[in-house]
Amino acid sequence: MRESGVLLPVASLPSAYGIGCFSKEAYGFVDRLREAGQSCWQILPLGPTSCGDSPYQSFSTFAGNPYFIDLEDLIRRGFVSKEFCDSFDFGDHEEYIDYGKIYQNRFLVLKEAWKNSKIEEDPDFAVFVQENDYWLKDYALYMAVKDHFEGVCWIEWDEDIRVRRPEAVKRYRKEYAGEIAFYQFQQYLFHVQWTKLKSYANDRGIKIIGDIPIYVAFDSADAWANPRLFQFDEACNPVAVAGCPPDAFSATGQLWGNPLYDWEYHKKTGYKWWMKRLRACFERYDVVRIDHFRAFDAYYSIPAGAKTAQVGSWEPGPGYGLFAAMKRNLGEKRVIAEDLGFLTPSVLELVERTGYPGMKVLQFAFDSREESDYLPHNYPHNCVVYTGTHDNDTTLGWYRSLVGHDKDFCRRYLHLDGCGDEAAVWEMIRAALGSVADLAVIPMQDYLGLGSEARINIPSTQGNNWKWRMKKDAFTEALAGRIREMCKLYGR
């Protein structure tokens with residue numbers, strides 16, 4: 001079946017109080033997707049973000065981001081007043097998130113809601129805590145202890161709790177029982193609100209495409225609570241870290257700094273932790289895009305302490321064994337393999353063996369020097385095509401930056417003679433929707449015709465990413481109709 005969808009991070013919704021969340025605007029967006037004839041809404045990872053605000057660096061691979069909790073819902077429940085919420089400064093820019101103000105004020109509102117909620121009397125809360133004990137117990141303690149140590153990474157904590165000595169864990173659980181309950185409360189609210197929104201989307205024929213980073217952050221409950229899963233030395237310091245070698249995005253490569261997995265240990269356990277992680281993902285999403293899929297075949301290992309990713313080596317990953325375990329334990333699931341970047345024959349073989357569709361990004365297609373697998377006439381059916389991803393410029397920004405033979409090639413390929421820049425964006429969208437790819441996903445910024453000011457992320461940079469928000473009422477009924485007509489024209 002030929003399908004189409006839209007890529008828009010939850011944070012980019014035009015919700016009240018400074019950041020997109022599970023608000024009435026999210027439900028309105030689902031309604032517009034339905035009017036536009038779409039069957040998928042793709043989002044970015046939903047985990048709680050740390051310094052740098054990247055959804056790919058989270059304090060937990062299982063937890064949800066408390067920023068996405070709808071404060072208006074808490075007002076309706078009587079947990080907080082509208083006057084109380086309105087008294088805080090969450091930023092006043094319609095199109096950009098002020099994460100500093102969100103961080104300073106969001107938790108003050110949530111703590112007030114927790115104090116007024118009498119959540120300990122709610123039997124559903126007790127069930128949630130019990131059912132999620134396998135991760136929530138460690139996460140809530142981690143965040144409470146992190147607050148005690150004024151936010152520093154766990155590797156800098158006092159040794160007894162850093163290495164999780166039983167008497168220290170017991171002492172901190174008792175001393176910070178209130179803070180622990182507060183973090184459990186946040187996760188419960190996230191779960192209830194997200195489950196309701198996802199059900200609303202599913203009931204209207206919209207599937208949620210989630211996103212799972214292959215790696216977890218070093219500053220995370222996952223790394224602290226499960227050091228045996230990673231390539232750590234006896235002091236729990238990373239021996240090597242993750243990243244990418246130099247490429248088109250960065251001349252010095254990408255030094256992500258995530259801890260690398262001890263794949264031999266995972267294999268011995270039957271990939272037990274990964275099965276828990278993936279099961280949780282498929283409870284949260286209908287389809288899962290696995291980021292940096294090529295690292296399951298071979299991953300790039302950078303010595304700990306290196307200043308750039310230029311010095312590193314390729315090491316063997318778990319290969320098909322992990323996915324064989326996944327299919328045995330979880331059954332057949334819908335996965336999108338993010339297979340971008342440097343691909344060897346063995347990576348391509350792994351993707352083909354899993355049967356999962358890979359990704360095709362149109363912005364990568366127009367290199368006039370060589371034939372490209374990203375050109376639509378080279379696509380297989382079993383793939384997902386994007387004009388661009390969260391790591392790309394918007395298509396308008398990208399097209400305006402094209403020069404020389406590449407721009408000439410793009411204009412000839414897409415029949416752009418006489419077209420203005422804005423019209424060129426729609427021809428890129430047309431090329432994606434008209435391709436043989438089973439699924440086409442278009443970033444919302446491209447449908448809105450926005451330039452580089454609406455870019456989500458510039459890889460290997462910090463401080464100005466993950467901020468863009470869609471203006472209120474930008475996704476009009478007329479735009480939904482135009483999208484629907486074009487998708488219908490190409491059988492999507």
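In helix α5, Asp124, Phe125, Phe128 and Val129 meet Gln184, Phe185, Gln187, Tyr188 and His191 of helix α9, where contact means heavy atoms within 4.5 Å. Before going on, the basis: this is a predicted model, local features need pLDDT of at least 70, side-chain atom pairs count only at pLDDT 80 or more, and totals for chains, interfaces and linings use all residues. Residues are numbered from 1 along each chain as its sequence is written, and side-chain values use heavy atoms, with hydrogens and water left out. Helices (H or I, at least four residues) and strands (E, at least two) are DSSP runs, numbered from the N terminus.

Back to the helix pair. The axes of α5 and α9 are 10 Å apart, at an angle of about 100 degrees. α5 is therefore roughly perpendicular to α9, a label used for 65 to 115 degrees; under 35 counts as roughly parallel, over 145 as roughly antiparallel, and the rest as oblique. Axes here are lines fitted to C-alpha atoms, for helices over the stretch in contact, and angles run from 0 to 180 degrees between N-to-C directions.

α5 (residues 123-131) also packs against α6 (residues 133-148), with an angle of about 95 degrees and axes 6 Å apart. That again makes α5 roughly perpendicular, here to α6. On the α5 side the contact uses Phe128, Val129, Gln130 and Glu131, and on the α6 side Asp133, Tyr134 and Leu136.

Now α9 itself. From first C-alpha to last, its 27 residues reach 39 Å, close to the 39 Å expected at 1.5 Å a residue; the expected span is 1.5 Å times one less than the number of residues. Just after α9 comes Gly205, with a positive phi of about 80 degrees.

Next, the core. Which residues of the largest nonpolar core touch the most other members? Of its 170 residues, they are Phe29, Trp41, Trp154, Trp274, Phe296, Tyr447 and Phe475. Helix α9 (residues 177-203) gives the most to this core, ten residues. By nonpolar core I mean buried Ala, Val, Leu, Ile, Met, Phe, Trp, Tyr and Cys residues joined through side-chain atoms within 4.5 Å. Buried is under 20% relative accessible area, exposed over 50%, partly exposed in between, with a 1.4 Å probe and protein chains only. Not counting residues up to four places away in sequence, Phe475 touches Phe29, Arg32, Leu33, Ala36, Met444, Leu448, Met470, Ala480 and Ile483.

Two polar residues. Gln42 lies in strand β2 (residues 40-42) and is buried, at 3% relative accessible area. Its side chain makes a polar contact of 2.8 Å with that of Tyr386, meaning a pair of N or O atoms within 3.5 Å; within protein, one must be able to donate a hydrogen and the other to accept it, and residues adjacent in sequence count only if both atoms are side-chain atoms.

Thr394 sits in the loop between β11 (383-386) and α15 (395-401). Is Thr394 buried or exposed? Thr394 is buried, because its relative accessibility is 4%. A polar atom of the Thr394 side chain lies 3.2 Å from the backbone oxygen of Gly451.

Last, backbone angles. Most residues other than glycine have a negative phi. Asp53, in the loop between β2 and α2 (71-77), has a positive phi near 65 degrees and is partly exposed at 22%. Cys236, in the loop between α10 (221-225) and β4 (240-244), has a positive phi near 70 degrees and is buried at 11%.
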